[in-house]
Amino acid sequence: MLEARVRSLSTTQRDALRARIVLLAGEGRSTRSIADELGVMPNTVSTWRSRYAGEGLAGLADKPRPGPKPKYTAETGRRILAVLERPPPAGFARWMGPLIAAELGDVHEQQVWRFLRDQRIDLDGKKSWCESNDAEFAAKAADVVGLYLAPPENAIVLCIDEKPSIQALERAQGYLRLPNGRALSGQSHDYKRHGTTTLFAALDLATGKVAAAHKKRRRRVEFLAFMDEIVAAYPDKEIHAVLDNLNTHKKNEEWLAVHPNVRFHFTPTRASWLNQVEIWFSILSGKSLRGASFTSLTQLRQHIDDFIARYNADAFPFAWTKPEVHQKRFKARRISQL
């Protein structure tokens, strides 16, 4: 066994050295001569000769070393979580590693960061949420989702909303060549303002096409004027309009009485994400508005109209796949309960 350890390429240098010491001792060699040949201290040779003599092969293995007691325990982690539950010190917006260590007093900053990494807690990461407090959440959500999954036969379902205050900003922009040879698009920090426009948009659930109009303001009169345009575009059609809870969308009973073929469906309070036109607004922002430069408000409006025309040429409806929408609460979901 000892000779096999010495010959094996997978044996660690530590175990091979101990095996050589015992083999040479078995040849009757003195401790000092073995130490001189292997280049180790005589005490090392004596240690492994004695262990092998008393325990055999098992004596050549390392014995467990208890070491010092761990400085940080599970209680330390609970204390760190408890600090995160408290407000940060005056003048600070959030907790940071050095602040937590200073608050605890006996925990090193690196241990704080190590624990936060293990728990996958990101002090810099931010996520926002909005809780709906609508008592009729389930009924309103079912009404809207029902329109998406089973729209009324021979009826038009439109998702309608506004994107207010779209700015016509003029920036110097173009491609920049970096010292490492990489080229990327960029724009100057300075800009000129040329006014804003409010975009009213109606997304046709069946075709995915968008009808839009530019308005200067976002009042009830502009909203009803846009609805008049929608009604004129679908004469003699039953129209179901999905709207959020903006005050200009409500209390329009007089207008609805004049247009009995139009019915409003409101998303739950603070749940406008159920309106599919919000998806299209994000597409507009990402593909058309972000990074663009405009020298006038007229140019901005024409730019948006050109994008809508191009979008409608290849439009297709969004596939709504969520049949049930539940009202979830974030209350009592504290970090100390992770």
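**Cores, helix contacts and backbone features of the predicted model**

Apart from its neighbours within four places in sequence, Val112 is in contact (heavy atoms within 4.5 Å) with Ile80, Gly97, Ile100, Ala101 and Val107. Val112 lies in helix 7, residues 109-118, where helices (H or I, at least four residues) and strands (E, at least two) are DSSP runs numbered from the N terminus. With a relative accessible area of 0%, Val112 is buried; buried means under 20% relative accessible area, exposed over 50% and partly exposed in between, with a 1.4 Å probe and protein chains only. The C-alpha atoms of Val112 and Ala25, which are 87 residues apart along the chain, are separated by 52 Å.

The model is predicted, so that local features need pLDDT of at least 70 and side-chain atom pairs count only at pLDDT 80 or more, while totals for chains, interfaces and linings use all residues. Residues are numbered from 1 along each chain as its sequence is written, and side-chain values use heavy atoms, with hydrogens and water left out.

In soluble globular proteins, nonpolar side chains tend to be buried together. A nonpolar core is here a set of buried Ala, Val, Leu, Ile, Met, Phe, Trp, Tyr and Cys residues joined through side-chain atoms within 4.5 Å. The largest such core holds 32 residues, of which Trp280, Leu284 and Ile304 touch the most other members. At least two residues of this core are supplied by each of helix 8 (137-149), strand 1 (155-170), strand 4 (192-204), helix 11 (277-289) and helix 12 (297-313), and helix 8 gives the most, with six residues. A second, separate core of 18 residues includes Leu158, Ile160, Phe223 and Leu243. When neighbours within four places in sequence are left aside, Trp280 is in contact with Leu199, Ala201, Val210, Phe307, Ile308, Tyr311 and Phe318.

Two packed helices are described by the angle between their axes and the distance between the axes. Axes are lines fitted to C-alpha atoms, for helices over the stretch in contact, and angles run from 0 to 180 degrees between N-to-C directions. The axes of helix 11 and helix 12 come within 11 Å and cross at roughly 115°, which makes helix 11 roughly perpendicular to helix 12; angles under 35 degrees count as roughly parallel, over 145 as roughly antiparallel, 65 to 115 as roughly perpendicular and the rest as oblique. In this pair, Trp280, Ile283, Leu284, Lys287, Ser288 and Leu289 of helix 11 meet Leu300, His303, Ile304, Phe307, Ile308 and Tyr311 of helix 12. The residues of this contact divide into nine nonpolar, two polar and one charged, with Ala, Val, Leu, Ile, Met, Phe, Trp, Tyr, Cys and Pro counted as nonpolar, Asp, Glu, Lys and Arg as charged, and the others, Gly among them, as polar.

For helix 2 (residues 13-26) and helix 4 (residues 42-55), the axes come within 9 Å and cross at roughly 75°, so helix 2 is roughly perpendicular to helix 4. Helix 2 contributes Arg18, Ile21, Val22 and Ala25 to the contact, and helix 4 contributes Thr44, Val45, Trp48, Arg49 and Tyr52.

Most residues other than glycine have a negative phi, and most peptide bonds are trans. Arg120, in the loop between helix 7 and helix 8, has a positive phi near 55° and counts as exposed at 82% relative accessibility. Asp236 has a positive phi of about 60° and lies in the loop between helix 9 (220-233) and strand 6 (238-243).
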